[in-house]
Amino acid sequence: MGAGPGGRGFEARLRWARLNLTARPPAMARRSALSIRIVEGKNLPAKDITGSSDPYCIVKIDDEAIIRTATVWKTLSPFWGEEYEVHLQPTFHSISIYVMDEDALSRDDVIGKVCITRDTLAEHPKGYSGWVSLSEVDPDEEVQGEIHLRVEVLGSQGGRQLRCTVLEARDLARKDRNGASDPFVRLRYNGKVQESTVVKKSCYPRWNETFEFELAELAEEKLCVEVWDWDLVSRNDFLGKVVFSVQGLEAAGQEEGWFRLRPDKSKTREDEHRGSLGSLQLQVRLRDETVLPSHCYQPLVQLLCQEVKAGHQDGQVHLVTLFDETTTAECRQEVAINLVKLFLGQGLVKEFLDLLFELELAKPCEPNTLFRSNSLASKSMESFLKVTGMSYLHAVLGPTITRVFEEKKYVELDPGKVEIKDVGCSGLHRVQTEGEVIEQSCQHLQSYLGELLDAIVKSAPACPPIIRAAFRKLFWRVGERFPQHQHAKFVAVTSFLCLRFFSPAIMTPKLFHLRETHADARTGRTLLLLAKQGIAQMKDFIGRLVGTEEEEEKEEGEGQPLCPPTMVMKEGPLFVHKTRGKGPLLAAAIAKKLHFCLTREALSFSKSPGAERSGAIALADILAAEKVEEKSFGSSHVMQVVYMGADGQQETAYLQCKCVNDLNQWLSALRKVCVNNPRMLHAYHPGIFRGDKWSCCHQRERTGLGCDRTRHGVTLQYWSDPLDPAAEAQRLFHHLQGLRETLREKYWELLEPEDAQNGPRGECAPLSEGLSRLFGVLGDLEGCHRLVQPPTPPTPTLLQLQT
């Protein structure tokens with residue numbers, strides 16, 4: 001073996017890892033990745049007078065709305081099929097999914113909800129999936145936020161007192177119509193009750209009040225701190241509580257901290273609505289990740305790159321073959337996209353895909369059914385097209401899809417499904433015949449199909465060079481494998497380009513970000529028929545797509561690391577709310593509505609798309625990107641970008657987005673591009689400074705410390721995200737970590753019979769060089785992870801005394 005870390009004994013490799021981690025501070029990232037798929041609902045109750053509902057879902061992480069699905073109109077059994085991945089801090093507690101009924105003229109109705117705790121997700125490492133019954137939304141359980149307390153025991157054995165100082169609270173539930181609450185605190189201990197003053201119109205109140213109780217002789221007595229919203233006319237609303245066991249407090253003497261408010265579980269009630277509100281089919285998976293510094297993964301990345309460069313050799317079992325054979329169906333898609341992104345970052349994705357094609361074609365297969373299975377080759381090519389070709393897909397399909405949605409033509413070719421309707425003007429009505437309806441449908445469909453085919457055929461030069469190069473390799477490999485079946489190479493390309501890319505996007509444009517809403521029944525039927533139509537001109541198009549002109553070869557950038565084709569992270573119109581300030585954005589916001597463009601250098605803005613740039617905020621100057629309280633501007637879709645102005649003064653721009661999804665996508669994009677800014681704030685004000693105080697916490701110092709913590713770690717995965725090689729390598733390591741024995745067994749199973757008989761099997765049996773090195777590299781990474789494990793938890797504090 002060579003002198004590199006992959007060829008040494010375990011102890012030597014561990015020393016190498018320890019030296020690397022010691023020499024360079026481990027700027028590791030600890031995060032949770034939450035994969036959410038909202039599949040469908042069934043048996044939902046009717047909320048409209050028509051006997052139906054218009055359901056959509058809101059996903060909240062610890063009571064903060066992160067995702068809103070599209071509305072599915074007029075149905076009690078909606079299908080969404082929407083998938084999301086949220087990256088957040090490991091300290092979150094639960095995920096709640098609310099099913100709502102959209103109303104155009106009144107407030108949306110709440111149908112029910114599903115709540116899954118973090119502990120439940122941790123008990124299901126392969127994911128929590130299945131049908132879950134909706135439960136009724138109880139106002140006393142809809143609590144959120146934290147309270148800052150200091151609790152201490154004073155005095156001697158003769159006369160001891162329990163003192164509780166209520167300092168402040170943050171992110172309380174909004175119970176009043178003004179988008180805030182009027183909170184006060186009620187403390188209960190040993191049969192006695194005390195209350196704080198009421199702080200008007202604030203979800204970030206500050207009390208700084210102290211309360212004392214005579215310490216009870218019975219250690220079982222508990223201190224209950226409740227937060228309420230004061231109401232003048234109606235009953236007070238419950239905002240949450242914290243209950244402490246005082247038994248362990250005496251030894252500690254004094255403890256202080258932030259405590260999460262809990263719902264009131266003291267009332268036992270039968271949920272008579274459980275099961276009658278319908279159910280949701282969900283797939284939720286939690287992954288806790290510790291991403292090490294990128295240099296720790298270099299041995300693994302280098303090994304995989306060397307294996308891909310070496311290619312397939314007769315009589316040997318390739319590592320990629322072992323990955324394919326040992327990866328189960330439920331995680332093959334995830335492994336495929338990790339490998340694709342890793343090799344994109346190394347400039348070897350074309351070689352990786354070509355190796356997969358070669359290995360797949362070496363198996364027994366039929367020319368007419370190539371790549372129809374869900375093998376690693378099929379999943380990798382599918383993932384590759386989504387990562388590198390989404391801009392191309394939008395350019396090709398976007399205009400036709402938009403036209404179908406806007407025209408809403410009735411299209412039906414099945415005589416058994418044709419709806420006969422009246423036609424003509426007033427007084428001259430007549431009933432269309434079935435044949436007339438089908439003929440008219442054919443005309444509409446032919447019009448859409450002609451436009452779509454024309455766009456596809458003309459798109460060959462605009463197709464990203466790396467995609468053309470991959471298809472060129474596939475075209476050549478299949479032609480070599482089936483020289484007597486020249487049509488097979490066209491079948492192979494269309495099986496990916498049409499069946500796995502164009503057709504799914506046409507049938508479900510919402511899932512490919514072509515539309516913001518799902519299609520209604522009529523539009524959905526048109527899209528389905530359009531996707532099923534045969535494309536006779538595809539053969540000519542594929543010939544042009546896989547052309548091998550010298551100019552195209554030069555454009556491929558062989559051997560260079562590749563990124564998703566777009567450098568624009570996010571762009572679109574935003575409404576600028578005017579406040580006091582001198583920053584470039586505030587001074588330029590005369591028109592109020594501006595077009596914003598976020599790149600990896602700056603957040604720029606102009607009066608309209610394509611217009612000359614009016615100004616920009618450098619990413620290095622951005623200090624925070626956070627949400628703004630609804631009461632501040634009367635809208636729940638406002639974000640604030642806190643940045644350092646040219647004069648060194650801190651400025652804040654308030655930008656209104658069109659919906660909750662747009663808001664979270666902007667916040668996510670801003671947080672991703674600013675992740676390495678050293679000056680990012682740890683606290684911020686969710687309100688605005690109006691008059692002489694902050695609207696959130698009523699502080700009178702404009703430059704004072706914020707009253708809520710920033711949420712830099714909460715981001716959404718998006719198709720245009722920049723590559724993160726360390727994260728992809730970590731996920732591959734996690735996948736392979738527990739597969740050593742499975743890989744070993746599959747290796748011997750796949751060997752030629754004469755080779756398999758040459759030596760013993762088991763722990764001491766000789767393995768291929770690639771597999772041996774892989775086991776060594778996995779051992780190195782395990783040692784690195786052990787070195788950075790968190791220290792042993794300290795002795796219990798008041799946090800553990802909370803019950």
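Guide: Let us begin with a definition: helices, of at least four residues, and strands, of at least two, are DSSP runs numbered from the N terminus. With that numbering, H17 gives the most to the lining of the largest cavity, namely four residues. Please keep in mind that this is a predicted model.

Visitor: How many helices and strands does the protein have?

Guide: The secondary structure comprises 22 helices and 30 strands. The protein has 803 residues, 52% of which count as buried.

Visitor: What share of the contacts joins residues 24 or more positions apart?

Guide: Among contacts in the protein with a separation of 6 or more, such residues account for 70%.

Visitor: Which residues line the largest cavity, and what makes a space a cavity?

Guide: A cavity is a set of points where a 1.4 Å probe fits but cannot get out. The largest cavity has a volume of about 70 Å³, and the structure holds five cavities of 30 Å³ or more. Its lining consists of Glu64, Ile66, Lys627, Asn664, Leu667, Ser668, Arg671, Val714, Thr715 and Leu716. At least two of the lining residues come from each of E3, H17 and strand E30 (715–716). By class, the lining of the largest cavity divides into four nonpolar, three polar and three charged residues.

Visitor: Why is Asn661 called buried?

Guide: The term buried applies under 20% relative accessible area. Asn661 has a value of 18%, so Asn661 is buried. This residue is found in helix H17. Residues up to four places away in sequence aside, Asn661 touches Ile66, Ile67 and Arg68.

Visitor: What makes Ile58 buried?

Guide: The cut-off is again 20%. Ile58 has a relative accessible area of 15%, and therefore counts as buried. Ile58 is found in strand E2. Beyond its neighbours within four places in sequence, Ile58 is in contact with Ala65, Ile67, Arg68, Ser96, Ile97, Tyr98 and Met100.

Visitor: Why is Ala618 called partly exposed?

Guide: Partly exposed covers values between the buried limit of 20% and the exposed limit of 50%. Ala618 has a relative accessibility of 33%, so Ala618 counts as partly exposed. Ala618 is found in strand E22 (residues 613–618). Not counting residues up to four places away in sequence, Ala618 touches Glu601 and Ala602. Ala618 and Ala602 are 16 residues apart along the chain, with their C-alpha atoms separated by 4.3 Å.

Visitor: What is the volume of the second largest pocket, and which residues lie nearest its centre?

Guide: The second largest pocket holds about 1,800 Å³ of space. Its lining has 43 residues, of which Lys60, Arg107, Arg174, Glu630 and Ser636 lie nearest the centre. Elements that give two or more residues to this lining include strand E2 (55–61), strand E3 (64–68), helix H16 (630–633) and helix H17 (660–673). The lining of the second largest pocket has 16 nonpolar, six polar and 21 charged residues.

Visitor: How many aromatic pairs are there, and why is the pair of Trp228 and Phe238 called edge-to-face?

Guide: The structure holds 14 aromatic pairs. Two rings pair if their centres lie within 6.5 Å, and planes over 60 degrees apart count as edge-to-face. The ring centres of Trp228 and Phe238 are 5.3 Å apart and their planes stand at 75°, so this pair is edge-to-face. Trp228 lies in strand E13 (residues 222–229) and Phe238 in strand E14 (residues 237–245), so the pair ties together parts that are 10 residues apart in sequence. Trp228 and Phe238 are buried.

Visitor: Which residues do ring pairs link into a cluster?

Guide: The cluster consists of Phe357, Phe371 and Phe496, linked by ring pairs.

Key: Residues numbered from 1 in each chain as written. Predicted model: local features only at pLDDT ≥ 70, side-chain atom pairs only at ≥ 80, totals over all residues. Heavy atoms only, no water. Buried < 20%, exposed > 50% of the residue type's maximum accessible area, 1.4 Å probe, protein only. Contact = heavy atoms within 4.5 Å. 1 Å grid on protein atoms, 1.4 Å probe; cavity = no way out; pocket = protein on both sides within 12 Å on 5 of 7 lines; lining within 4 Å. Points joined across faces, edges and corners; volume = space filled by probe spheres on them. Nonpolar A, V, L, I, M, F, W, Y, C, P; charged D, E, K, R; others polar. Phe/Tyr/Trp six-rings, centres within 6.5 Å; stacked < 30°, edge-to-face > 60°.
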